[in-house]
Amino acid sequence: MVSRPTKMTDADDERPPAFDEGSFRDPLSRVVHAQDRVLRVLRGDGVADFETLESSAFWTDAQAAGSVVATGRTEVPNALAESGWEAALEHERIPVISYPYEWTFSMLQDAAVQQLRLTRMALADRLLTKDATPFNSQFMGAAPVFVDVGSFERLRPNEPWRGYRQFCELFYNPLLLQAVANMPFQPWLRGSLRGISPEVTRSLLPARRRVGRGAFVNVVLHSRLERKYSNNSRDVTGEIRRAGFNPKLIESQLAKLEKVVSGLDWAEASSTWSEYTDRSHYGERDLDAKATFVGEVASA
């Protein structure tokens, strides 16, 4: 677990901290490696967002449950403080780093459901996630852990959830295509950091599959709206703000997405090894001997 707070030592300043190569999109929140420590530096609105998050009941509950990576305050490394970074956090180190294109269907689904549930919980404290990508999650054992603390921001009045499109492209669309069309999502996510667009998803879905499981709203209508406004100079965000997009609408959207994503299922095709453990090719004595041997090797 992360100690709270942690003081930077002279040894920590001997070698300049290095920004994580995958942390570059958010100018207010960057991940830094300082020796064997994982830090996050903040500035501007990123500091105010975290202070609001830190004082919320959501944060206390999420830290206690382990659903958000254990995080504590620390001092800003000198080299970064001189560059304008105003605050720093220290995160618990994740033992094994994995990527969405390495995950199984159920792992991506678990991370998707957690993204929605955390966003709903944060919304109750007038916080929201600014994005929704599976790269914000890692696995500790079999459980997903949300690691992008900088993704939480204060709720913007009258604005929709900005993570919706990204959630569809990187979570919902890949899961839907595998569930209803048996198209593995791993090659898609390996080849495109942006995931699968609504238009591409619509074109790949069989016509009879474009209605159920949320597909009509999140794929067909989503695709139509994107085509309609892609070359349009209208300020859609401004129009939504003026119309008054309230938190109840966001909560309803998140709840519907959670229900749809939780209901997706995919049965892997059978293979030569599918029923391996059910075969009677081992006698009871032989099976015990094998289990003993594997246990001894694994514990050596």
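**Close-up views**

**View 1. Arg165 is partly exposed, because its relative accessible area is 29%.** Partly exposed lies between buried (under 20% relative accessible area) and exposed (over 50%), with a 1.4 Å probe and protein chains only. This is a predicted model, where local features need pLDDT of at least 70 and side-chain atom pairs pLDDT 80 or more, while totals for chains, interfaces and linings use all residues. Numbering starts from 1 along each chain as its sequence is written, and side-chain values use heavy atoms, without hydrogens or water.

**View 2. Arg165 pairs with Glu169 in a salt bridge.** The N to O distance is 2.3 Å. A salt bridge here is a side-chain nitrogen of Lys or Arg within 4 Å of a carboxyl oxygen of Asp or Glu. Glu169 is buried, because its relative accessibility is 6%. Arg165 and Glu169 sit in helix α5, 4 residues apart, about one turn of the helix. Helices (H or I, at least four residues) and strands (E, at least two) are DSSP runs, numbered from the N terminus.

**View 3. Glu258 forms a salt bridge with Arg117.** This pair ties together distant parts of the chain, with Glu258 in helix α10 (residues 247-263) and Arg117 in helix α4 (residues 105-123), 141 residues apart. Their closest N and O atoms are 2.7 Å apart. Glu258 is buried, because its relative accessible area is 12%. Arg117 counts as partly exposed, because its relative accessibility is 44%.

**View 4. Arg162 meets Glu153 in a salt bridge.** The closest N and O atoms of Arg162 and Glu153 are 2.7 Å apart. Arg162 counts as partly exposed, because its relative accessibility is 42%. Glu153 counts as buried, because its relative accessibility is 6%. A search of the whole structure finds 16 salt bridges, including this one.

**View 5. Gln178 is buried in this model, because its relative accessibility is 3%.** Gln178 belongs to helix α5 (residues 164-181). Neighbours within four places in sequence are set aside here. Beyond them, Gln178 touches Phe105, Met183, Pro184, Phe185, Gln186 and Trp266. Contact means heavy atoms within 4.5 Å.

**View 6. Val211, Phe216 and Val217 make up a nonpolar surface patch.** A nonpolar patch joins side chains of Val, Leu, Ile, Met, Phe, Trp or Tyr within 5 Å, each residue having over 30% relative accessible area and no salt bridge. Phe216 lies in helix α8 (residues 215-229). Phe216 counts as partly exposed, because its relative accessibility is 36%.

**View 7. The largest cavity holds about 70 Å³ of space.** Of its 14 lining residues, those closest to the centre are Leu42, Gly46, Val149, Gly150 and Phe152. A cavity is a set of points on a 1 Å grid over the protein atoms alone where a 1.4 Å probe fits but cannot get out, and lining residues have an atom within 4 Å of a point. Grid points are joined across faces, edges and corners, and the volume is the space filled by probe spheres set on them. Strand β3 (37-42) and helix α1 (45-54) each give at least two residues to the lining of the largest cavity. Helix α1 supplies the largest share of that lining, 4 residues. The count comes to 2 cavities of 30 Å³ or more.

Definitions and conventions:
Patch = residues over 30% accessible without salt bridge, like charges linked within 9 Å, V, L, I, M, F, W, Y side chains within 5 Å. Areas by Shrake-Rupley, 256 points an atom, 1.4 Å probe, with all protein chains shown as cover. 1 Å grid on protein atoms, 1.4 Å probe; cavity = no way out; pocket = protein on both sides within 12 Å on 5 of 7 lines; lining within 4 Å.
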